[in-house]
Amino acid sequence: MPTAEVELVADDERAAYELAFHILPTVVEGEVPSVFEALKEIVTNAGGAITDEEAPQRFDLAYEIVKHLEGKDRRFASAYFGWVRFTADPANAEPIARNAEVHPQVLRHLLIRLTRVEEANPFRFHEAYESEKRVENIEEREVEPEAAKTTESDDVDDSELDEALKKEDA
């Protein structure tokens, strides 16, 4: 980020932060709100004041995340994602991150310090994710038979293609 966009905060001032997190997909859906509340308590117990939030919802991850649990590496392809924005003394940021990291039901987390522009413009992930147009899988039976067939007659001779391109360029 360009230096001009970064707004420095004096050590005695409160700064704005965002704690984004993935909750393990093995958590029962009905228990996710209590894990979310526990993460918000981590923030408030460290003196943070919550200013905004997006409750966790389950979605498929772009790639598998490996986490060492119960003595072995486990792979996860989905998780519950949410975030909390808050203000806090900069000295309290590290303990918040450390407590989120050791929470047994958190797969992964990220704590970032926000600029004033970022603070004023929160990105609502789940809203954007739902409105995103997705590619649909098309079943083979839905494809027109003629379009699905490839035959030797469909092959194009390289010399014929070169001649056609030369004529087009002329």
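**Strand pairing and aromatic contacts**

Ala20 has Trp83, a residue of β3, as its bridge partner. The structure is a predicted model. Strands β1 and β3 run antiparallel and are joined by nine bridges. This briefing covers the sheet, the helices and the aromatic side chains.

**The sheet**
- The open sheet consists of four strands in the order β2-β3-β1-β4, with antiparallel pairing.
- Strands β2 (49-69) and β4 (106-113) each have a single partner strand and stand at the edges, so one side of each lacks a neighbour in the sheet.
- From one strand to the next, the twist averages 20°.

**The helices**
- Helix α1 lies across β1, β2, β3 and β4, and runs at about 115° to β2.
- Helix α2 (residues 93-101) also lies across β1, β2, β3 and β4, and runs at about 165° to β4.

**Aromatic side chains**
- The count of aromatic pairs is three.
- The ring centres of Tyr17 and Phe86 are 5.6 Å apart and their planes are at 25°; the pair is stacked because planes under 30 degrees apart count as such.
- Tyr17 belongs to strand β1 (residues 15-23) and Phe86 to strand β3 (residues 72-88), so this pair ties together parts that are 69 residues apart in sequence.
- Both Tyr17 and Phe86 are buried.
- Phe21 and Phe36 form a tilted aromatic pair, with 5.9 Å from centre to centre and 40° between the planes.
- Phe21 lies in strand β1 and Phe36 in helix α1 (residues 32-45), so the pair ties together parts that are 15 residues apart in sequence.
- Phe21 is buried, as is Phe36.

**A charge over a ring**
- Arg85 lies over the face of Trp83, at 5.5 Å from the ring centre.

Key: Residues are numbered from 1 along each chain as its sequence is written. This is a predicted model: local features need pLDDT of at least 70, side-chain atom pairs count only at pLDDT 80 or more; totals for chains, interfaces and linings use all residues. Side-chain values use heavy atoms; hydrogens and water are left out. Rings of Phe, Tyr and Trp (its six-membered ring) pair if their centres lie within 6.5 Å; planes under 30 degrees apart count as stacked, over 60 as edge-to-face and the rest as tilted. Helices (H or I, at least four residues) and strands (E, at least two) are DSSP runs, numbered from the N terminus. Buried means under 20% relative accessible area, exposed over 50%, partly exposed in between (1.4 Å probe, protein chains only). A charge sits over a ring if NZ of Lys or CZ of Arg is within 6 Å of the ring centre and within 35 degrees of the ring normal. Two strands pair if DSSP finds at least two bridges between them. Axes are lines fitted to C-alpha atoms, for helices over the stretch in contact, and angles run from 0 to 180 degrees between N-to-C directions. Contact means heavy atoms within 4.5 Å.
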